[in-house]
Amino acid sequence: MKLNCINSILRVFAVTILFVSCSSDLDFDQVNDLKLEPVFIANLAYFDIPANELVADGGTQIIYDSRNFDIFKKQFLRDYLKKAEFDVEIENTIERGFVINMLLLNSQNQILTTISFVVPAYKGSPNVIKYPTEVFENQRLELLKQTQNIGFVALMTSGVPLDENSLGNLKLRSSTTTYFEIEAK
Amino acid sequence: MRAKYLILGLLFQLSCFSQNKEVLYNFTSIPQSLLVNPSADVSYKYYFGVPVLSGVSVNLGSSSFSVYDLFADNGVDFNDKVRNIVNKSSRNDKVVTNQQLEVFSGGFRVGGSESRSYVSFGVYQEFDFFMYMPKDLALLALDGNKDYMGKVFHLDDLNVKAEVLSVFHVGFHKKMNDKLVLGGRAKLYSSGANAVSTHNSGYIFTGQQPGTVNLYSQIISSNLELKTSGISRFTKDEYDGNIARDIAHNTFFNGSLGLGVDAGVTYYPKENFQITASIIDLGFINQSKDIETLTYKGTYQYQGANPDFSGTDDPENVFAEFKKAIPRDTLYNKYTTWRPTKIYASLQYSFGYFRSDNDCNCKENIKERYRNAAGIQLFGMTAPREPLVAVTAFYKRNIFEKLDLKATYTIDEFSSTNIGLGLSGTIWKLNMYALVNNVLEYKDISKASSAAFQLGINFVFQDSED
């Protein structure tokens with residue numbers, strides 16, 4: 001009986017050894033290396049102007065509108081946005097050429113930067129232009145992070161007169177690609 | 001920074017799995033086996049657990065990755081490890097933790113020495129955490145949507161619940177005759193902190209659809225809901241107390257209350273053949289203290305900042321529109337949570353007669369006349385999507401009169417190599433037990449997908465020892 005007791009003690013201790021097991025080298029400080037680098041694509045802006053709304057004689061004409069666009073001022077983007085790209089695609093089926101200026105405006109409505117897109121007149125063949133990607137990094141990105149409004153100026157260059165029966169549209173479609181770097185530090 | 005820890009927290013919840021206590025189940029030399037089957041064929045004159053040491057159990061593990069996968073000091077970039085884990089995981093991978101600590105426990109036989117009716121009671125603290133791998137949200141956080149045009153990111157991948165509670169319980173089991181034991185247990189739950197976000201739906205979509213005016217079709221359809229109880233005061237700026245202490249206090253003295261029952265049956269069709277079944281934690285908690293429900297419900301289609309040259313002034317603001325479409329609402333309604341209910345069943349065949357050293361062994365149970373027992377056990381537990389199930393084969397051996405061994409082999413969706421070992425020994429009136437599972441993984445615990453242990457010390461008094 002006594003022997004049994006001693007044995008039982010030994011056995012109970014034996015089981016505790018199971019808890020003292022080995023483990024590979026671990027480094028929990030690696031958490032600090034975590035860096036998320038997601039890339040998000042979103043719509044930027046679009047418009048579609050039919051020619052019959054641009055009733056004009058053969059001379060130049062300017063139309064303008066601005067929109068609230070303070071998304072890049074949000075704290076999260078100010079902290080973690082590392083790069084942004086604008087991609088713009090314009091399709092013109094109006095027999096007039098255009099120059100479209102995209103303006104980034106600060107809260108005082110001062111122009112921070114202007115991006116110009118020259119659009120040739122429609123000549124009967126497909127007229128879709130994909131413009132080179134506008135990249136915002138470093139200094140230019142800081143301008144984007146101050147942007148409160150986005151403005152569009154469409155300047156119609158001289159050419160054939162337009163009336164309410166004119167055909168065609170001026171269509172702009174655009175997107176923004178945002179590159180984040182989210183770190184603990 | 002906060003976002004990073006949130007994401008990391010979601011990925012790394014020292015993930016664990018189910019509450020299956022396959023080694024403890026029907027290990028009747030341990031009084032705590034009554035907590036997994038109130039009809040367990042346990043007999044005693046009276047017993048009490050050593051306060052705080054009578055029952056400690058922790059389950060740790062993960063169905064899709066191990067601590068080693070994430071934190072190995074092997075020169076692999078940490079971000080690559082996180083990405084690998086997310087990529088190889090599925091949305092049904094589970095992260096389940098359960099921890100229990102008995103504060104006190106005890107039991108006594110009612111009636112005279114011929115009686116076969118027993119009462120047991122106690123208080124234990126429990127922590128539960130259950131989460132499915134939020135795979136789509138993790139992908140979105142790691143990669144963004146650029147490389148996933150046309151993919152629907154499901155918001156219902158977010159499915160998580162957590163609770164800290166204390167359980168006051170009283171159980172009764174009675175040997176109706178030599179063949180049948182019936183048992184039941186009533187439980188009063190006191191929940192100190194609860195968080196539930198299991199009824200989410202919605203999606204985030206970015207795609208290109210021909211014929212639309214915009215470059216992309218971007219839709220967020222959100223039906224997110226987080227219910228909390230006993231937590232919201234800690235999130236307020238003016239709170240300056242000790243969160244751990246306050247949760248502990250609420251858990252035992254000021255929790256949301258609930259009721260539940262356990263029930264079980266043990267039946268011997270033949271002397272050496274035993275069938276058992278039990279249902280544990282069939283109950284609910286009425287979450288009523290410091291309740292707060294957050295919801296984000298609505299649909300938003302993002303168009304961009306679009307000029308209108310017709311001259312009408314439309315002062316739209318993307319952010320304001322988004323907040324209006326999917327508003328954050330706070331509600332203060334009571335809600336009911338159901339406890340994770342567990343079901344066990346077993347078949348056991350006993351063989352090999354036991355030769356006692358004692359002169360008289362007449363008070364011993366029928367089964368303890370046998371030296372060996374083997375059989376199978378089934379386990380099931382309710383979970384937000386589909387129940388968890390496990391099958392266990394076991395072998396029990398009475399090594400010495402007062403030393404029992406149980407070995408188990410369990411197959412479930414987490415592992416097919418889960419071997420468990422348990423020892424229960426009694427020295428004088430001191431019963432000690434230690435149970436571990438997944439022993440094969442102990443050669444390098446950091447690579448284990450799961451680990452569970454239970455241990456405890458009780459004083460058990462039998463008639464034969466008087």
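A:Phe98 has A:Val119 as its bridge partner in β6(A). The strands concerned, β5 (residues 98–105) and β6 of chain A, pair in the antiparallel sense over 8 bridges; strands are DSSP runs (E, at least two residues; helices H or I, at least four), numbered from the N terminus, and two strands pair if DSSP finds at least two bridges between them. The model is predicted: local features need pLDDT of at least 70 and side-chain atom pairs pLDDT 80 or more, while totals for chains, interfaces and linings use all residues. Residues are numbered from 1 along each chain as its sequence is written, and chains are lettered from A in the order in which they are written.

In chain A, an open antiparallel sheet of 4 strands has the order β3-β9-β5-β6. Because β3 (61–68) and β6 (111–119) of chain A are at the edges with a single partner strand each, one side of each is left without a neighbour in the sheet.

A:Phe98 also belongs to the largest nonpolar core, which has 43 residues; A:Phe98, A:Ala45, A:Ile100, A:Ile150 and A:Leu172 touch the most other members. Such a core is a set of buried Ala, Val, Leu, Ile, Met, Phe, Trp, Tyr and Cys residues joined through C-beta atoms within 7 Å, where buried denotes 20 or more other C-beta atoms within 10 Å of a residue's own, with C-beta atoms placed from the backbone. Elements supplying at least two residues each include β5 and β9 (149–156) of chain A and α3 (78–88) of chain B. β2(A) gives the most, with 5 residues. Another core, of 26 residues, lies apart and includes B:Ala40 and B:Leu455.

Definitions and conventions:
A residue is buried if 20 or more other C-beta atoms lie within 10 Å of its own, exposed if 12 or fewer, and partly exposed in between; C-beta atoms are placed from the backbone.
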